Amino acid sequence: MRVLAIAAAITALMTSQAHAAPQPAPKWAIVVHGGAGVIERSQLTPEQEKAYRAAMTKVTQVGAKVLKDGGSAMDAIEATIHLLEDDPLFNAGRGAVFTAEGRNELDAAMMDGQTLRAGAVAGVTRTRHPISLARAVMDKSPHVMMIGSGADAFSKAQGLEQVDPSYFFTERRWKSLESFLKANSLPIPRKPVGGAPDPAQGLAHDEGKKGTVGVVALDSHGNVAAGTSTGGTTGKRLGRVGDAPIIGAGTYASNQSCAVSATGTGEYFIRLTVARDVCALVELKGMSLQAAADEVIQKQLTALGGDGGVIAVAPDGQIAWSYNTSGMYRASAAEGRALTVGIYKDEP
């Protein structure tokens, strides 16, 4: 009798699960990354870990509020990346790394999944928020990408905030450059003057010579979008451009598939057109978002010898991230779901 009772209970449980209503897809969602790289528990002090978790929580809350209030995915991304570009913890905007010549050259891109419109900038040196310049290229010009002094001139003409290049100076990034140049027997340029004190000194972690910030979002109108901003790689040659501003490599969005923002060694992401390939697997092969991200990052990128990761969101509310490094600063929030923050491999 006891065996029969247990069997009946199991049958009832299975029946109830089979008839249980599936969890409704969220009407809005946001995923944020602050860069992937050598990020291990043994390397972060408790104070550093706390600082990064607090920063990722804050920026995700800002973007989530825009979406909760009915704002567009594009607006949520721009607002979120503004904060990341102002935070010297991250390799974007004020926390950008230096070129071999001792300059900060900034890249950014945005893409609207509803219209496939996109804007990108590379090598800008005077625009406080490169992500807003990327959006201005998309909204206020017939072009997709602008570079260097021409992009900065366009930025000024559009009334975007301009800063002296010294605004982007941080002491720890300069020291990273010196270490890189010494290790490669390269000359060390004269140290820039006029930089303000680094508020992140002692808290920021060097995730390696690379890093990027990015956001993907789904809004209540059913549209997805992606945005990415970066200072590139420490010691890069003057004029080098990575994957972040390359549409289809580091940034891509389409309502027919998903939105993707990447972080890692850009040369590999460009060669594999990583962001577009994730979307193509979803759209053309019908793969789940997580399976598509893993296919590109864990298999294709790893096989080529590249390192880094992606975050992604789909119009049906799927959220995913995948990375082959030891860690990635990441966070997500969605309608009806708690905000989550992760850094290490052993976290969800």
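This is a chat about the predicted model shown above.

User: Before we start, what kind of model is this, and which pLDDT do local features need?

Analyst: It's a predicted model: local features need pLDDT of at least 70 and side-chain atom pairs count only at pLDDT 80 or more, while totals for chains, interfaces and linings use all residues. Residues are numbered from 1 along each chain as its sequence is written, and side-chain values use heavy atoms, with hydrogens and water left out.

User: OK. How many helices and strands does the protein have?

Analyst: Nine helices and twelve strands. Those are DSSP runs numbered from the N terminus: H or I of at least four residues for helices, E of at least two for strands.

User: And how much of it is buried?

Analyst: 54% of the 348 residues. Buried means under 20% relative accessible area, exposed is over 50%, and partly exposed is in between (1.4 Å probe, protein chains only).

User: Which residue does UniProt list for "active site"?

Analyst: Thr-212, from an unreviewed entry. UniProt positions are in the numbering used here, feature names are shortened, and annotations may be inferred rather than shown by experiment.

User: Where is Thr-212 found, and is Thr-212 buried or exposed?

Analyst: Thr-212 is in the loop between helix H6 (171-183) and strand S5 (213-218). It counts as buried because its relative accessibility is 5%.

User: What is Thr-212 in contact with?

Analyst: Leaving aside neighbours within four places in sequence, the contacts of Thr-212 include His-33, Asn-91, Thr-228 and Ala-262. Contact means heavy atoms within 4.5 Å.

User: Tell me about His-33. Where does His-33 sit?

Analyst: His-33 is in strand S1 (residues 29-37). His-33 has a relative accessible area of 0%, so it is buried. A polar atom of the His-33 side chain lies 3.4 Å from the backbone oxygen of Ala-262.

User: Switching to the sheet: what's the strand order?

Analyst: It's an open sheet of eight strands, S4-S3-S2-S6-S5-S1-S11-S12, with mixed pairing. Strands S4 (145-147) and S12 (337-344) are the edges, each pairing on one side only. Two strands pair if DSSP finds at least two bridges between them.

User: How do S3 and S4 run?

Analyst: Parallel, with three bridges joining S3 (residues 118-124) to S4.

User: Which strands does helix H5 touch?

Analyst: Helix H5 (residues 148-157) packs on the sheet and touches S3 and S4, with its direction at about 105° to that of S4. Axes are lines fitted to C-alpha atoms, for helices over the stretch in contact, and angles run from 0 to 180 degrees between N-to-C directions.

Definitions and conventions: A polar contact is a pair of N or O atoms within 3.5 Å; within protein, one must be able to donate a hydrogen and the other to accept it, and residues adjacent in sequence count only if both atoms are side-chain atoms.
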